[in-house]
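This report works through one protein model, moving from its cores and helices to individual residues in loops. Please keep the sequence and the coordinates in view while reading.

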Amino acid sequence: MERPAEVPANAARATAERWLGDFEAALASGNPQAVADLFAPTSFWRDLVAFTWNLKTVENPAGVKDMLESVLSHVAPKGFTLSEEPTEEGGIVTAWFTFETGVARGEGLVRINAEGKAWTLLTAMTELKGFEEPMRDRRPMGAEHGQDPGRKSWAEKRAEEAATLGIETQPQVLIIGGGQGGIALGARLRQLGVPTIIVEKNERPGDSWRKRYKSLCLHDPVWYDHLPYLPFPPNWPVFSPKDKIGDWLEMYTRVMELNYWAKTTAKSARWDDAKGEWEVVVDRDGEEITLRPKELVFATGMSAKPNIPNFPGMDRFKGDQHHSSQHPGPDAYKGKKAVVIGSNNSAHDICAALWEAGADVTMVQRSTTHIVRSDPLMEYGLGALYSEKALANGITTHKADMIFASLPYRILHEFQIPIYDKIREVDAAFYEGLEKAGFQLDWGPDNSGLFMKYLRRGSGYYIDVGASQLVIDGKIKLKAGQVEAITETGVKLADGTELPADLIVYATGYGSMNGWVADLVGQEAADKVGKVWGLGSDTPKDPGPWEGEQRNMWKPTQIEHLWFHGGNLHQSRHYSLYLALQLKARQEGIPTPVYGQQEVHHTGR
């Protein structure tokens, strides 16, 4: 009688080791088809720089084969080794691993189906060989023991660097924009030894937060928001008030030793092809300086180019009117009539603060808005990855970032829909109250909720921290409709309604980041780069075709040596590593053949 096959002591580990072994052998054989055969018919390989020198997702065996036909001859991948015990759930084996290429080391995550084929694969570069960050056992000594009559102190060296970089020597990288994105990238580049200057128009680091309306706070929880290298302390509030986050950013720039030029405005930029460098004219506190970096990064933020409407009659309004980005706060408007045009995050925050200060407030809702309360969003949307509970389960911030990154954008909405179905169920009374108040709700075009709206268009939602109840109670008045004109005394809507106002706030959102390219380099350059942000999902404000990654973010653009960096704190933290590695490789002359260069389908005007 034939003996039954032995069941491995750890079937998940056996499955993962078998797949990684077959994967490495197929790669080593130089046969892209053999590698592609290890992937399921519907499958996804997301690569963060390691194989493609790009942020690129390929789909299905055909996509894998096409990518490897272009890159396999020069990547030289090897050493695929499990980095922790694999797990199995619902027939899917999940395995973390490390690997290396000819020039770098990396980490990854693979999900293997019951047939032993890869469903999703993430590969991500972590460091360049020979250019590792000076951390842990490679950290600098700091103190220099012994005798040296000409020795300079740390403070003297920093002062000398600050005085000469950009004047006597030129930066390799110039970052335009000194908010959280520019600061996070600057910290990464500092650790990689890339001479970098960050220019910021405000007087101090963190002012981009300090100067917003006084009730502003982060709507994402602290576990989601850490900066690279230096996490918030364990007593930090769950939701950071704007001035507190401003102070943290200012401290961070000093502790991380960033070359940060405050009170500096970029005036123009052009690529000097003969010299192979940018020529960027800046005004530094009244002094005009020309910088000549090799790489130019726009870290101006998704919320930095205001969409200021052009309603008829704006020039005749006799009260105060301004975009939400310029709103000073509610204190001057006690007893006054305020109309806020818009119904997303800023509109709700400003309306609530004005009501608390004693103003008569009306919100004008021009299109449907997705609303989710903060508590269920934290519990059902973020809690498994970013929370104290997640940390207790061994999900560090880095591990959470990698898990999130391993879910391909093409299918991410499928993971989001059940979350928002649950939220809609547990908060049914809340949503019923909003609808009774006349608020026009949506859940995204496919019911996938807030995060997909953010990724696709960067707008169209509100994380409720209290304003919605004011709408339900009628304390914030609500009027749906389109603005026909601004009168001397208020707002006239298309249905003939007139809303008297002493104050009009245009909470009308922000434009594409390539608007900054148009301002500094020219409209032709902005059109060559194309629209920034969005996935090509063919949903409202995110036109197709499908891109598979965020347009133009953190990766090569159609203008060589011009980059975009930003997003929320989570994205600034996570993707700053991959952009920094791309920039470092170019500084060191490491070949960086880009696979899957993004095409331009939309100018973003």
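## Helix 5 and what follows

Helices here are DSSP runs of H or I with at least four residues, numbered from the N terminus. The model is a predicted one, and within this model helix 5 is followed by Gly193, a residue whose phi is positive, near 75°.

Helix 5 covers residues 180-191, and its 12 residues should span 16 Å at 1.5 Å a residue; the C-alpha atoms at its ends are 17 Å apart, which agrees with that expectation. The helix is mostly covered, since 10 of its 12 residues are buried. Those buried residues are Gln180, Gly181, Gly182, Ile183, Ala184, Leu185, Gly186, Ala187, Arg188 and Leu189, where buried stands for a relative accessible area under 20%.

In soluble globular proteins, nonpolar side chains tend to be buried together. The largest nonpolar core of this model has 166 residues, and the members that touch the most other members are Trp19, Phe23, Phe39, Trp45, Phe51 and Leu68. Helix 18, which runs over residues 569-587, gives the most to this core, with 9 residues.

Leu68 shows what such a position looks like in detail: setting aside residues up to four places away in sequence, Leu68 touches Leu27, Pro32, Val35, Trp45 and Phe51.

## Helix 11 against helix 18

Two packed helices are described by the angle between their axes and the distance between the axes. For helix 11 (residues 397-405) and helix 18, the axes come within 11 Å and cross at roughly 80°. Angles of 65 to 115 degrees count as roughly perpendicular, and helix 11 and helix 18 are therefore roughly perpendicular to each other. Helix 11 contributes Thr397, Asp401, Met402, Phe404 and Ala405 to the contact, while helix 18 contributes His570, Arg573, His574, Tyr575 and Tyr578. By type, the residues of this contact divide into 5 nonpolar, 3 polar and 2 charged.

Tyr578 counts as buried, at 0% relative accessibility. Leaving aside neighbours within four places in sequence, Tyr578 is in contact with Leu48, Val49, Leu55, Ala124, Met125 and Met402. Tyr578 can also be placed relative to Tyr229: the two are 349 residues apart in sequence, and their C-alpha atoms are 15 Å apart in space.

## Helix 9 and its packing

Within helix 9 (residues 374-382), the buried residues are Ser374, Pro376, Leu377, Met378 and Leu382. These buried residues of helix 9 pack against strand 18 (370-373), helix 12 (409-426) and strand 19 (461-464).

## Backbone features in loops

Trp533 is placed in the loop between helix 17 and strand 25. Pro545 lies in the loop between helix 17 (523-529) and strand 25 (562-564), and the peptide bond that leads from Gly544 to Pro545 is cis, with omega near 5°.

## Loop residues and their distances

Lys318 is found in the loop between strand 14 (295-298) and strand 15 (320-323), where Lys318 is exposed, with a relative accessible area of 65%. From C-alpha to C-alpha, Lys318 and Glu488 are 5.4 Å apart in space, although 170 residues apart in sequence.

Thr396 occupies the loop between helix 10 (388-392) and helix 11, and at 41% relative accessibility Thr396 counts as partly exposed. Thr396 and Met553 are 157 residues apart in sequence, and their C-alpha atoms are 25 Å apart in space.

Key. Residues numbered from 1 in each chain as written. Predicted model: local features only at pLDDT ≥ 70, side-chain atom pairs only at ≥ 80, totals over all residues. Heavy atoms only, no water. Helix = DSSP H or I, 4+ residues; strand = E, 2+ residues; numbered from the N terminus. Expected span 1.5 Å × (residues − 1). Buried < 20%, exposed > 50% of the residue type's maximum accessible area, 1.4 Å probe, protein only. Core = buried A, V, L, I, M, F, W, Y, C linked by side-chain atoms within 4.5 Å. Contact = heavy atoms within 4.5 Å. Axes fitted to C-alpha atoms, helices over the stretch in contact; angles between N-to-C directions. Parallel < 35°, antiparallel > 145°, perpendicular 65-115°, else oblique. Nonpolar A, V, L, I, M, F, W, Y, C, P; charged D, E, K, R; others polar.
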